[in-house]
Amino acid sequence: MGTSVQLTPLSGVHSENPLSYLLSLDGFNFLVDCGWNDFFDPELLQPLSRVSSTIDAVLLSHPDTVHLGALPYAMKQFGLSAPVYSTEPVHKLGLLTMYDHYLSRRQVSDFDLFSLDDIDAAFQNVTRLTYSQDYHLSGKGEGIVITPHVAGHLLGGTIWKITKDGEDVIYAVDFNHRKERHLNGTVLESFVRPAVLITDAYNALNNQPSTRQRDQEFLDAILRTLRGDGKVLLPVDTAGRVLELILILEQYWTQHHLSYPIAFLTNVATSTIEYAKSSLEWMIDSIGKSFEHTRDNVFVLKNFNIIINKKELEKLPEGPKVVLASMASLEEGFSHDIFVEWAVDSKNLVVFTERAQFGTLARMLQVDPPPKVVKVTMHKRVPLVGEELKAYEEEQNRIKKEEALKASLSKEDDLKASCIVPDKSLSDPMVIDSAGGLISSEVASPRIVGYRDVLIDGFVPPSTSVSPMFPFYENSREWDDFGEVINPDDYAIKEEDMLDPTSVAVLGGGLEDKFDEDSNDMLLDSKPSKVVSNELTVQVKCSLIYKDFEGRSDSRSIKTILAHVAPLKLVLVHGSAEATEHLKQHCLKNVCSHVYAPQIGETIDVTSDLCAYKVRLSERLMSNVLFKKLGDYEIAWIDGEVNETDGMLTLVPLSTGPPLHKSVLVGDLKLADFKQFLASKGVPAEFSKGFLRCGENITLRKVGDSKGATQQVGIEGPLTEEYYKIRELLYSQFYLL
Amino acid sequence: MASSGPAPSMKKRESSGSREGNQLIITPLGAGNEVGRSCVFMSYKNKTVLFDCGIHLAYSGMAALPYFDEIEPSTIDVLLVTHFHLDHAASLPYFLEKTTFKGRVFMTHATKAIYRLILSDYVKVSKGSVEDMLYNEQDIIQSMDKIEVIDFHQTLEVNGIRFWCYTAGHVLGAAMFMVDIAGVRVLYTGDYSREEDRHLRAAELPQFSPDVCVIESTYGVQLHQPRVVREKRFTDVIHNTVAQGGRVLIPAFALGRAQELLLILDEYWSAHPELHNIPIYYASPLAKRCMAVYQTYINAMNERVRAQFEVSNPFDFKHISSLKSIENLDDVGPSVVMASPGGLQSGLSRQLFDMWCQDKKNACVIPGYVVEGTLAKTIITEPKDVTLSNGLTVPLNMQVHYISFSAHADYGQTFEFLKDLMPPNIILVHGEANEMGRLKQKLLAQLPDKNTKILTPKNCQTVEMHFNSEKMAKAIGQLAEKIPKEGEHVNGLLVKKGFTYQIIAPEDLHIFTQLSTGNIAQRISVPYEGAFSVIRHRLKQIYESVEPLDDPTESPPALLVHDRVTVKQENTKCVSIQWSTDPISDMVSDSVVTVILNINRGIARVGVMGEGVTEEEMERTAEKVVLALLNSLFDDVKRVAGEEGKMVVSIDGVVATVDSKSGVVECENEGLKERLRTALRRIKSAVKPIPLQKISPFCYLERKL
């Protein structure tokens, strides 16, 4: 009778890998989240590639890489073509995040897993919903209703409620119950007793200090550095938590009339802020209220320089400044470059505001104590000059000539003629073969030195981590009298060429003019350029601090919320193996007896063993029912007889008199509340050893834990008037049916 | 639970034997057979909703309000405001601040932001001209705190009323509200337009068909020209006039349509460089203030504008400058001025009209619906003379063009909308009586469903409809393990939340609801120093079932009375009584306590009597009691010697034999026989211990509790 529910994790269980799960309701397959890590490692998507054709709908929960990063790639490579559902901000900010990633990578490498076109194509067909919108699926999914609700972690962040036949499946990862400067807290607590709850264990071992203290320390550290003539770098995400940081800093700068320059630097910074300005209805109520009253938009920033390339950053006055730059992983993007530049100065400060993904530079720097030296690879795209340029041009000419020759040779084959376009010529392997010479030889050279090649002293990744993209070398360093024995080859500058830049796809409309002009030249012009990489050893002299601005509920709150929601079945995903196990044990003890933590590819059946049928209540029956009101509920005892007409069950009153039924006491007694109630009635009461002593001789206690089906309350005492009085008061806390 | 209420059957709801509460009442308090002061009251199942809260622009003071005295404001649960126009929202501060209303108010984000500005402006403008101001700036600010926001498609539930809204396309933030009470759906369109324009989306077609559709009928059976044609006429008139050196006056309401016209003009000017030296003025500081709102809530606009936003703000006009007052106007050559109010009642548009109306080179373009009784309505008929504000009558030489851009649905849109929606009941509001009548006739003739009911209530005229509301319950958990067959019994807890019902076994209550069942174990100790067997003996006289619990040799002796209450001798000084609370057990335990206390009181006597009483003796005693009681009732009762328990009753010569043991009565007189039988039964139930099964009277009692 119940709806059959199965869950198969595709990624992101027992680890902090990106999130991606296959949820199937009566054969209708949802892909919930479609994440990727910052290295864009195709290995991680293996499980997804196997099932992508069976997916009927995609639900996205948050606008960051680990929740939606793989969408463009999956759509392009795996033939994923199901409709995608997300909230409006998840759609837009997710798009911006992907743009930023692409541009950051493209500027320094020959990133070709997906193009801007693929991103646009993937996001084009997203159905955008608002919070609390009941969206009824049609076709195969007839009868399924999906509803996004506030998650509180990122703007537009979503808890998905999927309902079929009155049974709720809730997918809630990365929620935050606290209200923040720009976001409302999650509404997860308002769902009670869902059939299935899928949640994450990411923060299950993490406790947070008070918000006030955290903010104070954060701001103090920044200010101290600035006063000490240092520069502050905050590696941030593109369009998620950074909004909160911007508001904190903006507010602080305004309050204290600070004049230190402060900049927000990503490839899409302007669009991000513009979008934030027009999304007030998605933010915390107070922001909307203040706008309605005064039309002051909090995201009209007075202190921030919103910039999209490094040139503009250089225009800022020399000296102390704060820069919020993407990516948070320090693996690429502006933050990477700035870090390399600033890390060598002990006056400077790098503030991490979120735990970085495994294997990234940022994660290595977050260990305690931080490494003193890190090796990084710098990439730069430079135009070809001199000899190289000449060679390249000659090459191009030769290709063209050959093309022309070919075309003239095979005139009947008109289609071939179009191959004169240089980018096509490159994508055609035949032509490359014939071209030979410079390009092919350079193509053959090891180009993938790339962004992955980051090494650190003393970094040992935990054995549980799975991070195939990060090449880990056995740490068998030797030391001699002069220090570490080094291999000079590691520091050799490796050069490499790149593919013809014209192969870059045409950029999506509107955004073009906002991209970094430099990179625009590089990316869009047919000016030949190449990527130059060199490895550097960076002395990390600057201070590093970590302040938790992740905006996720912490361990204690998660447990409280889960206990309150009390799902019939609970599935734990996303979180280190340790955290998952911890939360599982906790929940088994305190929340419910069905807790699952499946492995990748393991399908678990979380169909509720619930039986249900529908029955019509006849007027005659209902007219005799007296409801008692209990909070939101009204409750009554009914005795009825079933009448069947046209397969429809109807309950009618019994023909005979009502039979005896065991009486039911309904109510939830809290001893502490009852104590106050007694006090208000003039009966002194106090706790001793788990008992509530009421008046002179009466004791009250609760037997068994609250998890049990029926609450057991014991009242004991000698035969006195007091006994009956207190009993009367106790009865008043319950409803008798 | 969840969203699936009982699905309303779409057509032909037969009016049923009306039970209280099944009546759906809809009463227009304003906008019934008129345009202005929209306010529609609806009530179903004791839930009440008020749609819109406007004023009538042609009246002032209290006369402009909807008929609020027809309703009791304190009973209204939810007030839904569709958009910010004065005739839909302007009596809201009055209603919130000056009446007993204590429900909740909802509107969309954009509506709320503009509402604040537009009403402040309204208060400022009408100051002085109206003595009895309905409210002041302070009231508006206070009302803002009570207004809650709702986003399009967001489903909210207040007090069992579920509602959500769809894009209405009329102005920025305009919404159509769908209200669902116990499965009966009512759609209130407010003002809507099914045509997409430069910045707004077209009104959506709701996913579900409502049972009742309250729809505007402003344009009745008229048809709009296609948008392109209208825009061409508009720009042509303006282009020709300015080309001939004339001035163009566009009286328009400050917000809503004006933004659309400005977009058209700005675009046209950009495309025609020869016009660049001709200024366009927009005389509304209010609109300037509202620009921030237009720039923020782009999510409520259409894709076209949002695409433009990516590049630059389309509301940042290049060829239009704002005009503070008439003094700032350098009126030397051709120009285009857009000024409010739209009806030319007063203010800047009227001042300009007075200045320009006598020159035949000038033109006045009326771009939208004009309310009856305003000057704009008058000049559309092109009279020879007009009266200026200073009282002089002058000839009207200016050309007057009426090109409607008002985003109200025309007949074509209304018809298509209703045809697709197929509501079984339609209520027309917001239209002049004549237009409404014509619309009704035409719709009746053309709608495919001939059973559609169309009503055109006047203000305060109540429409009543009956809906057979079916109450469906869902049995879940243990109770539902097997689907019952015809005639089988179902019993359990019926839990109602909002309008959904569930039948749950008490054991499952905590699983499916936040409620939990409880159990109170009671233990009371009573001082008692006598022998335990006495208690047992006494209890046996009252209750049939008194069973020893434990092996009496080892642990302290204990008794289970009536299967519910345990009596245990704790020590030589006291006895404890334990039971778990329910009405019967409480009663049994009370009687046990009483028995013990009684024993205590007469300890010596009972002690003697209690010892060594045999069953036989007890029988004999019982018989004696029966005899005595019968004697007191029937006077002449004799025991039949030799036969145990037999008695002879003789009254007026009629003789009856009674067997007090078996309860058999033999008598020729039926009346006497019946009376004797009843008497005997009652006596026996008083004398004999209470048997275990005979508790249905309690059960009955308990249901009454």
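Axes here are lines fitted to C-alpha atoms, for helices over the stretch in contact, and angles run from 0 to 180 degrees between N-to-C directions. On that basis, the axes of α3(B) and helix α4 (residues 137-146) of chain B come within 9 Å and cross at roughly 170°. The model is a predicted one, in which local features need pLDDT of at least 70 and side-chain atom pairs count only at pLDDT 80 or more, while totals for chains, interfaces and linings use all residues; side-chain values use heavy atoms, with hydrogens and water left out. Residues are numbered from 1 along each chain as its sequence is written, and chains are lettered from A and ligands numbered from 1 in the order in which they are written.

**Chain A overall**

- Chain A has 23 helices and 36 strands; helices (H or I, at least four residues) and strands (E, at least two) are DSSP runs, numbered from the N terminus.
- Of the 737 residues in chain A, 58% are buried, where buried means under 20% relative accessible area, exposed over 50% and partly exposed in between (1.4 Å probe, protein chains only).
- Contact means heavy atoms within 4.5 Å; among contacts in chain A between residues at least 6 apart in sequence, 73% join residues at least 24 apart.
- Chain A has an accessible surface of about 30600 Å², and carbon and sulfur atoms account for 52% of that surface. Accessible areas come from the Shrake-Rupley method with a 1.4 Å probe, and for residues only the protein chains shown count as cover.

**Helices α3 and α4 of chain B**

- α3(B) and α4(B) are therefore roughly antiparallel to each other, given that angles under 35 degrees count as roughly parallel, over 145 as roughly antiparallel, 65 to 115 as roughly perpendicular and the rest as oblique.
- The α3(B) side of the contact consists of K112(B), Y115(B), R116(B), L119(B), S120(B) and V123(B), and the α4(B) side of E137(B), I140(B), I141(B), S143(B) and M144(B).
- By class, six nonpolar, two polar and three charged residues take part in the contact of α3(B) with α4(B). Ala, Val, Leu, Ile, Met, Phe, Trp, Tyr, Cys and Pro count as nonpolar, Asp, Glu, Lys and Arg as charged, and the others, Gly among them, as polar.
- K112(B) lies in helix α3 (residues 109-126) of chain B and counts as buried because its relative accessibility is 1%.
- Neighbours within four places in sequence aside, K112(B) is in contact with K289(A) and E292(A) of chain A, and with M107(B), M144(B), I147(B) and V149(B) of chain B.

- Helix α14 (residues 532-542) and helix α15 (residues 583-601) of chain B have axes 10 Å apart and pack at an angle of about 130°, so α14(B) and α15(B) are oblique to each other.
- The contact involves V534(B), I535(B), R538(B), L539(B) and I542(B) from α14(B), and V592(B), V595(B), I596(B) and I599(B) from α15(B).
- This contact of α14(B) with α15(B) has eight nonpolar residues, one charged residue and no polar ones.
- V546(B) belongs to strand β27 (residues 546-548) of chain B and is buried, with a relative accessible area of 2%.
- Not counting residues up to four places away in sequence, V546(B) touches R536(B), L539(B), K540(B), L559(B), L560(B) and V561(B).
- V546(B) and D139(B) are 407 residues apart in sequence and, C-alpha to C-alpha, 74 Å apart in space.

**Backbone exceptions**

- Most residues other than glycine have a negative phi, and most peptide bonds are trans.
- S326(A) and M327(A) are joined by a cis peptide bond with omega about 0°; M327(A) is in the loop between β15 (322-325) and α11 (333-342) of chain A.
- A cis peptide bond with omega about 0° also joins S340(B) and P341(B); P341(B) is in the loop between β15 (335-339) and α9 (347-356) of chain B.
- L344(B), in the loop between β15 and α9 of chain B, has a positive phi near 60° and counts as buried at 0% relative accessibility.
- H562(B), in the loop between β28 (558-561) and β29 (565-569) of chain B, has a positive phi near 55° and counts as buried at 2% relative accessibility.

**Buried positions in chain A helices**

- Eight of the 10 residues of α11(A) are buried: G333(A), F334(A), S335(A), H336(A), I338(A), F339(A), V340(A) and W342(A).
- D215(A), in helix α6 (residues 211-227) of chain A, counts as buried at 8% relative accessibility.
- Residues up to four places away in sequence aside, D215(A) touches R181(A), I248(A) and F549(A).
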